[in-house]
Amino acid sequence: MSADRLEELIALMARLPGLGPRSARRAVLHLIKKRGQLMAPLAQALAEVAASARDCVVCGNVGTQDRCEICADPRRATGEICVVEDVADLWAMERAGVFKGRYHVLGGTLSALDAVGPEDLRIPQLIARLGEEEVTEVILALGATLDGQTTGHYIADEIAAAGVAVSSLAQGVPVGGELDYLDDGTITAALKARKRL
Amino acid sequence: MLEWRDEGVILAVRRHGESAAIVEALTPSRGRHAGVVRGGGGRRMAPILQPGSQVALAWRARLEDHLGAFTVEPVRSRAGVLDDPLAAAGLAAVTALLVFALPEREAQPDLYARTVALLDLLEDESAWPLAYLRWEMALLNDTGFGLDLTACAVTGSAEDLAHVSPRTGRAVGRAAAGEWADRLLPLPPCLLGQGPASAAELLDGLTVTGHFLDRWLAPALGDRPLPPARARLVARMRRRFG
């Protein structure tokens, strides 16, 4: 193997999030030292996923089949669809393990600066799903940012005519948070979303 | 090392690398100004670096034409408006139009004061839509595309002004408009600073400012389209008030 191929591998690794040239070099060196236990299985897994990974035709999640595991699971047909910005958010919701319905990945948010409009997101597919599946509630799990909330309001308007309940995640004090350390915006949102005990 | 301190309103934030952000802010003495915020891509800074937030800024750079680095301290959050669809659309339109329209690093003390006053009103729906219309008039004026609504372009009279010429941006009296009236833009009294505006007048006013933002301002900036956030705000206002 030529040194050029090694440098090429290091350069590719350095393009991964969280890695720079130095840490990529360390990672490659580690892989080479553990060729049998780590590098070969990793290379095989990468090749297999590269060949089979695709977007779910229903929700936009990433999987290895046309329909992802969540959409293919009849137990997840609870009538609830959770709308998220991207696949990382879907995975975060799944890690929490509390939501038992299905998802819809928008692929971004409306953006005034980057001229991302409704036609650039998977909003028409969401509206189509409301008719095709027996959806009773759409839960908007979008970022607490101006773009995220603007997108949420837009979707709520678009699906109002479908007669489906629309809700959004609450905003406020995080678990383990202390008021003294919170910013004004979070405290404002928490106070507005207060609940009676 | 060059350094200045000023207050500002956050207009836009873009991730820069893994942990930093490039922030654009509107300041009174230096206008629209960008800088890198180290750690601006992290969770701690995210609530502060939201469009519309009022902040205290310190900018440092080695040379004047460098991008430089901002240090940002929170002054006032605008997160309270995010759960109101109309106010959130208003906030998005204001910040997007400022990024779109203003040159970099040119002092904007009047527009800054008007912008802060408008953002302060956003939680009062009875007041801010008219303030927004007047803010758009001020934006046109401060970018060199102000309308002349003081007197009729045909007769010179200041009485019974009812239209705006879409070509010249000058007022036209009702009698002088004659058979051309349907080719002119409406001139609601609120654009002349007269009294509170009805919903119809407000929407007429936005038609006028929208025409000149689109036909005068945008072509002068390289013929880019207006930010879609403005069209979304107007559409939402039509649904709410129309």
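Reader: What makes the span of helix 2 of chain A close to the one expected at 1.5 Å a residue?

Author: In this predicted model, helix 2 of chain A covers residues 21–33, which is 13 residues, and reaches 18 Å from its first C-alpha to its last. The expected span is 1.5 Å times one less than the number of residues, and for this helix that expectation is 18 Å, so the two values are set side by side and called close.

Reader: How do you know which residues of helix 2 of chain A are buried, and on which side they lie?

Author: A residue is called buried when its relative accessible area is under 20%, and in helix 2 of chain A this holds for A:Ser23, A:Ala24, A:Val28 and A:Leu31. These residues cover an arc of only 140 degrees around the axis, and therefore they sit on the same side of helix 2 of chain A. On the other side of the helix, A:Arg22, A:Arg26 and A:Lys33 are exposed, a word kept for a relative accessible area over 50%.

Reader: What covers the buried residues of helix 2 of chain A?

Author: The cover includes helix 1 (3–13) and helix 3 (35–52) of chain A. The domain assignment of chain A gives domain 1 as 3–52 and domain 2 as 73–168, and the centres of the two domains, taken over C-alpha atoms, are separated by 35 Å.

Reader: How does the radius of gyration of chain A stand against that of a compact globule of 197 residues?

Author: For a compact globule of 197 residues the radius of gyration would be near 16 Å, but chain A has 21 Å. Along the principal axes, the C-alpha atoms of chain A fill a box of roughly 65 × 45 × 35 Å, and 35% of the 197 residues count as buried.

Reader: What makes strand 7 and strand 8 of chain B edge strands?

Author: The open sheet has three strands in the order 7-6-8, with antiparallel pairing. Strand 7 (171–173) and strand 8 (185–186) of chain B each pair on one side only, and they are the edge strands.

Reader: How do you know that strand 6 and strand 7 of chain B pair?

Author: Pairing asks for at least two bridges between two strands, and three bridges join strand 6 (residues 161–164) to strand 7 of chain B, so the two strands count as paired, and they run antiparallel. In strand 7 of chain B, the bridge partner of B:His163 is B:Val172.

Reader: Why is the phi of B:Asp160 worth a remark, and what about B:Arg105?

Author: Most residues other than glycine have a negative phi. B:Asp160 has a positive phi of about 50 degrees although it is not a glycine, and B:Asp160 lies in the loop between helix 3 (128–142) and strand 6 of chain B. B:Arg105, also not a glycine, has a positive phi of about 60 degrees, and its place is in the loop between helix 1 (85–101) and helix 2 (109–121) of chain B.

Reader: What makes B:Asp160 and B:Arg105 partly exposed?

Author: The relative accessible area is 45% for B:Asp160 and 30% for B:Arg105. Because each value lies between 20% and 50%, B:Asp160 and B:Arg105 are partly exposed.

How values were computed
Residues numbered from 1 in each chain as written. Chains lettered and ligands numbered in written order. Predicted model: local features only at pLDDT ≥ 70, side-chain atom pairs only at ≥ 80, totals over all residues. Heavy atoms only, no water. Helix = DSSP H or I, 4+ residues; strand = E, 2+ residues; numbered from the N terminus. Buried < 20%, exposed > 50% of the residue type's maximum accessible area, 1.4 Å probe, protein only. Arc of directions from axis to C-beta. Contact = heavy atoms within 4.5 Å. Domains from an automatic or database assignment. Rg over C-alpha atoms; globule rule 2.2 N^0.38 Å.
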